[in-house]
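Trainee: I would like to go through the contacts in this model. Please keep the terms defined as we go.

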Amino acid sequence: MTGKDIVKITLNLVIVYLIGGLILSLVYAKAAPQIYKNNEETEKKALKELMPDADSVEKMGEWEPHEKPAKYFVAKKNGQVIGYIVQSFGKGYSSFINTFIAVDTNFTVEKIKVLSHNETPGLGDGIEEPWFQAQFKGKTLDHLKVIKGETKDDIQALSGATISSRAVTEDAVKHGVEFLMKTIKDGSKGGEKANVQPQHG
Amino acid sequence: MSSHSTVSLKDQVLNGIIKENTIFKLALSLCPSIAVTNSLKNGIFMGGAVLFVQVMVNTTISLMRNVIHPKVRLPIFMLVISGWVTVTQMLMAALAPEVNAKVGLYIALIVAFASILARAEMFASKNSLLPSMADGLGMGIGFLFALTTISFFRELVGKGSLTVPTGLATDHVFTFINTKPVLLMILPAGGFFAVGILMAGFNWINARAAAKAAAKTAPAAH
């Protein structure tokens, strides 16, 4: 390899890097605000759906289920607290299931919504089904467990997707509610980071 | 024009769609074609992303072909490919967030698609701009066509519905049967079946067309 080759190779790579970097940063500059807005919108829509009666939903702070950043919110109507919403993650079959859970002031589950996940299409993605999520309404902490087969008191597992059902119920929702109970009852309101880690399994 | 390719632009496009169809003929890039094709919408978007990347990569490489040093050509191809894939990823996240949530993971994988690197190395780096763009267009459309047929078939048979995109962020779901008639088809294993069945169909049609063409020319020759 001659000196000329070395110069040419170096120039080749430097120029490709420079032009590539330039194009990427231009596209990023255009796309990033829109991506941020999309995420915000999905979250806002979820909060509205979970607490349709509330006239304001304010962020209270953050916590870290499975070392992932998650938020929790307080829902108010005419200045009165009517419930809380917590974001939680459940370790599923092939992904962490990002779930929002709304509870009333007695920490009874009102509604849940699965925001994103990567479970098996056709089986695990049944956690998106309305009938599955509707089961959570009115459940207290003791009844957040998965039963295979029909049940009215607890949560009925999706057939063929017990792991995903468990992840939502016994991991995401249960730990989310537990966290809320602990945090709100301790009175540690505000943006403080709480140190509750969900147990695995 | 010091063109390496002697065929017309139209034939160059058709080559990628029929003669060298990435999935049905070369059996390359099967991973995404199985992973994302459980709904028509996802299949179309994935195919569209590959089409975009293939055309952009071929165009870029063709423009650069005379200045690339042969010793670093592969790293440069990879840089160009990953650059365009990242652009696609960002555009997708911005314009079609819902699809991105489902397909996004596989968009990143386009970097490792054998078909894209192969076209850059075998075609675009040796041919001038227009044939390279035509080649990229053909390969891309061929891939889009394959993914669309596979996902159409899988969603229809597996779920009894069709999710037709009506815009970047909107779609319409046509439900024909409200149960899941052949659940297997939308599971990963069903992807292999679908690809296999459609590949057989594609080749059968092609073989028949070739036989017909041969029959037509044979009497004329005598």
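Trainee: Which domains does the assignment give for chain A?
Mentor: This is a predicted model, in which local features need pLDDT of at least 70 and side-chain atom pairs count only at pLDDT 80 or more, while totals for chains, interfaces and linings use all residues. Residues are numbered from 1 along each chain as its sequence is written, chains are lettered from A in the order in which they are written, and side-chain values use heavy atoms, with hydrogens and water left out. Domain bounds come from an automatic or database domain assignment. For chain A that gives domain 1 (1-50) and domain 2 (53-191).

Trainee: Which three residues supply 70% of the area that domain 1 of chain A buries against domain 2 of chain A?
Mentor: Buried area is the accessible area (1.4 Å probe) that two parts lose on being put together, summed over both. The two domains of chain A bury about 830 Å² between them, 69% of it on carbon and sulfur atoms. On the domain 1 side, the three residues are Glu43(A), Leu47(A) and Leu50(A).

Trainee: Which residue forms a salt bridge with Glu43(A)?
Mentor: A salt bridge is a side-chain nitrogen of Lys or Arg within 4 Å of a carboxyl oxygen of Asp or Glu. Two are found across the interface of domain 1 and domain 2 of chain A. With closest N and O atoms 3.0 Å apart, the partner of Glu43(A) is Lys71(A).

Trainee: How many salt bridges are found between chain A and chain B?
Mentor: Chain A and chain B bury about 1900 Å² between them, 74% of it on carbon and sulfur atoms. Across that interface the salt-bridge count is zero.
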